[in-house]
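Student: I have a new structure open and would like to learn how to read it. Could we go through it together?

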Amino acid sequence: MSRVGRLVAGLLVTCLALTLGACATRSDEWGDEEYTIASGGSTGVYFAYGTAVADAVSSARTVDLVAEQTAGSVDNLLRVGAGEALLGFAQGDAAADAVAGTGAFAEPQDVTAVARLYDEYLQVVVRGDSPVHDLADLAGMTVSLGAENSGVNVIAGRVLDAAGVDAASIRDPQLDLGASIAAMAEGELDGFFWVGGLPTPGIAQLARTADVRLLPIEQEWVNEVNDRYSHAYRPADVPAGTYGLAAAVTTLAVPNYLVTAGSTPAGVVRDVLATLFDARTALAQQVPAAALLDRRSAIFTGPVPLHPGAQEYYRDLRG
């Protein structure tokens, strides 16, 4: 991070602490150890959001919480389920698989939801001058379908199957977002799959230096994926203007959850949620997706159960 970037980040944290009334009281169920938020790759929304939340909770509750880079949703869920991370970001479909012990998970994971945060969008990125205009055109191309143990990889496989494209026909280097962006910028990659909030910082940066397009995802494919899996998806559009797009592009969206282990103390979860909602406006200055957090929709995390501490928090709000 540049000197200016560090200065801006420091000012935002200071403003955030003032917004939260300096240090709020905290539950005595916190320990003195360092806690982590499993937060994805450094160029994605997960890591930006995780860093902002970690700073907010650390400042407001005088605890040591840090964002940690990971491979993505599946990795995050495994870390949370194993007690290696206090919190994690996860796509709703991957979280549903984790609870059921299916898909990438050999057995059910001890994972519960803290809140539904925002929707993520499938983004299949190609160069503006690419001959690829449809998923079927990807056969024989070098295209990253997401890093191993990522939610991106889960959705990529499901959508390609629904579109009748054999994933084995694609040369897949299994890159994370940062590596995918770098490889495309160097002309080493024909395209990549990504699932994240809009705009995703790394893709926005790429679009400022290179002409990029998004491939359309047809509604019938979304319907087929829903019928075969967890009904976690919905048809959606990436709006015109995003990454310089001249027109909206059809795609699919999937909800994103903040998760924790079922064994996490209730007081810790209540403190995280109180900070998250109190700091929402300040967080949104750093991560636009944070503005989408809503008390009315945050509870809709099925089939992933809400953590008991989260249930108490939302119940108290209604009272």
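This is a predicted model: local features need pLDDT of at least 70, side-chain atom pairs count only at pLDDT 80 or more; totals for chains, interfaces and linings use all residues.

Tutor: Happy to! One idea first: helices and strands are DSSP runs, numbered from the N terminus, and the names below follow that numbering.

Student: Let me step back. How many helices and strands are there in the chain?

Tutor: The chain has 11 helices and nine strands. Its radius of gyration is 19 Å, close to the 20 Å that the globule rule gives for 319 residues, so the chain is as compact as a globular protein of that length. The C-alpha trace spans about 60 × 45 × 30 Å along its principal axes.

Student: And what share of the residues is buried?

Tutor: For this, use the cut-off: buried means under 20% relative accessible area. Buried residues make up 52% of the 319 residues in the chain.

Student: Which residues are buried in helix α7?

Tutor: In α7 (residues 201-209), the buried ones are Gly202, Ile203, Ala204, Leu206 and Ala207. They pack against β4 (112-127), α6 (177-185), β6 (191-196) and β7 (212-214).

Student: How do I read contacts over the whole chain?

Tutor: Ask how far apart the partners are in the sequence. Among contacts with a separation of 6 or more, 76% are between residues 24 or more positions apart.

Student: Now the backbone. What is the phi of threonine 62?

Tutor: Phi of threonine 62 is near 50°, a positive value in a residue other than glycine. Threonine 62 lies in the loop between α2 (45-61) and β2 (64-68). Tyrosine 243 is not a glycine either, and has a positive phi of about 60°. You will find tyrosine 243 in the loop between β8 (234-238) and β9 (249-260).

Student: Is tyrosine 243 buried or exposed?

Tutor: Tyrosine 243 is buried, with a relative accessible area of 11%. Threonine 62, at 46% relative accessibility, counts as partly exposed.

Student: Last one: how many charged side chains does the chain have?

Tutor: There are 19 positive and 38 negative side chains, and the centres of the two sets lie 8 Å apart.

Methods
Residues are numbered from 1 along each chain as its sequence is written. Side-chain values use heavy atoms; hydrogens and water are left out. Helices (H or I, at least four residues) and strands (E, at least two) are DSSP runs, numbered from the N terminus. The radius of gyration is taken over C-alpha atoms; the globule rule is 2.2 Å times the number of residues to the power 0.38. Buried means under 20% relative accessible area, exposed over 50%, partly exposed in between (1.4 Å probe, protein chains only). Contact means heavy atoms within 4.5 Å. Lys and Arg count as positive and Asp and Glu as negative; His and the chain ends are not counted. The place of a charge is taken as NZ of Lys, CZ of Arg, CG of Asp or CD of Glu.
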